Amino acid sequence: MTRRYFGTDGIRGTVGEPPITADFVLKLGWAMGRVLSRHTGRKSRAKVLIGKDTRISGYMFESALEAGLSAAGVDVSLLGPMPTPGIAYLTRTFRADAGIVISASHNPFQDNGIKFFSAEGVKLADAVEEEIEAELEQPLTTVAPAALGKALRISDAAGRYIEFCKSTVPDRLTLEGLKVVLDCAHGATYHIAPSVLRELGADVSLLGADPDGLNINKDVGSTHPDAMRAAVIERGADLGMALDGDGDRVILVDAQGHEVDGDDILYLIARDRNMRDMLGGGVVGTLMSNFGLAAALEGLGIPFERAKVGDRYVMERLAANGWQLGGESSGHIVCGHVQSTGDGIVSALQVLAIMVRESSSLSGLLKGFEKAPQALVNVRLAPGVVNATLMDNEQVRHAVASVEAELGDEGRVLLRPSGTEPLIRVMVEGRPHFDVDALAKRIADDIEGQMLR
């Protein structure tokens, strides 16, 4: 069936504009509850966990979901502000039937979204999402008063997740002596990540840890790492660590301020686990993964496969291959040996553990790993412009073909619509003698020019 609401990462949009409205989210909670009640094997009521990031609209949508689920006869446990991977973990440990995340990840505060985890802490199957969409077309009804769902707040959710994060590295590992600049993007990790690092012994300097409901991701976090980079150099830190608003992505910088993205992180974890005979297969990247990553893994004898962009597709390929490690250049890394979904804190801890084990700096670990120059330009779509139509525009296709001809077999071009924002992403990758920034800008300018016609 054709989906009306669900995208690659749940349902997302601008607050107050359909479907991100209080009335729709209430009915979404009800529809989810109806579907769960049909499928759960419980003799008692189905149970759902709800967590959120720090957007001001989270209060409104938390209440709406709670009301909708209760009307469907489902019990609700409220986690409060909690990173997306923390909600996935707690859904599993509380033996809940599902987890719900209220977040728009790295988007600004004006946006929000709803995404779901199954009882196993992974994204819902397509068939279940389609069933929820079908239920949304039905009139909302309320169960008998005695069957209404109850709600409670889990007061120790943060502490439980902090302990889980620490458990993903060896018991005796200590980060004593490491100076870390930590940027929490004024998001869901603000009360989690600092405790994790400090309890493991790190000397932590904080950025982006003072959320006010309106400042999530604003000039901070993994999509805006400049403040972190400057702080690392100014404070003489060993590395910087920037999470996004919901904590499922991480970007690092080394002591010299050089960015260490998802491809670098994948390489370090894959190489380390391969050396210790613990990798458990190959690595899944995406169409955006750098050519240098594929080449480096091939050189180590590690199988590498590209999935479509999006953690859903990475997880699908990991499951199909029986592998454990995958991720995206953006810093969304799945460490399947310890976590069921992408987890920024856990991914960073794996790298920190490697630094301690090898008594090496971050730049030292990456010595010899070379990536092809890659440029990424985001073109924001004008209101009413359909990305598929624009990408199929003759002038745009000609611009892409022209750059591809210039690159020959020494580079590649990728045009793709964002699954979460009204953007077309232009990626150009090539050997060092190409000016990939200029080539990507040339295509982006053509796309913007076509929108003005």
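Two strands count as paired when DSSP finds at least two bridges between them. Strands (E, at least two residues) and helices (H or I, at least four) are DSSP runs, numbered from the N terminus. The model shown here is predicted, so local features need pLDDT of at least 70 and side-chain atom pairs count only at pLDDT 80 or more, while totals for chains, interfaces and linings use all residues. Numbering starts from 1 along each chain as its sequence is written, and side-chain values use heavy atoms, with hydrogens and water left out.

**View A. A three-stranded open sheet, ordered E16-E18-E17 with antiparallel pairing.** Strands E16 (374-380) and E17 (411-417) sit at the edges with a single partner strand each, so one side of each has no neighbour in the sheet. From one strand to the next, the twist averages 15° (axes are lines fitted to C-alpha atoms, for helices over the stretch in contact, and angles run from 0 to 180 degrees between N-to-C directions). Seven antiparallel bridges link E16 with E18 (residues 423-430). Look for Arg-380 here: Leu-423 of E18 stands opposite.

**View B. Helices H14 and H15 against the sheet.** H14 (residues 394-407) packs on the sheet and touches E17 and E18 (contact means heavy atoms within 4.5 Å). The direction of H14 makes about 155° with that of E17. H15 (residues 436-451) lies across E16, E17 and E18, and runs at about 15° to E16.

**View C. Ser-118 in strand E5 (residues 111-118).** Ser-118 counts as buried, because its relative accessibility is 12% (buried is under 20% relative accessible area, exposed over 50%, partly exposed in between, with a 1.4 Å probe and protein chains only). Leaving aside residues up to four places away in sequence, Ser-118 touches Thr-91, Asp-97, Ala-98 and Leu-124.

**View D. The second largest pocket, with about 210 Å³ of space.** On a 1 Å grid over the protein atoms alone, a pocket is an open set of points with protein on both sides within 12 Å along at least five of seven lines; a cavity is a set where a 1.4 Å probe fits but cannot get out, and lining residues have an atom within 4 Å of a point. This pocket has 14 lining residues, with Leu-36, Asp-97, Ser-118, Leu-124 and Val-128 nearest its centre. Helix H1 (residues 22-39) gives the most to the lining, with four residues.

**View E. The one cavity of 30 Å³ or more found in the whole structure.** The largest cavity holds about 40 Å³ of space. Its lining includes Phe-6, Lys-115, Leu-124 and Arg-312.

Notes
Points joined across faces, edges and corners; volume = space filled by probe spheres on them.
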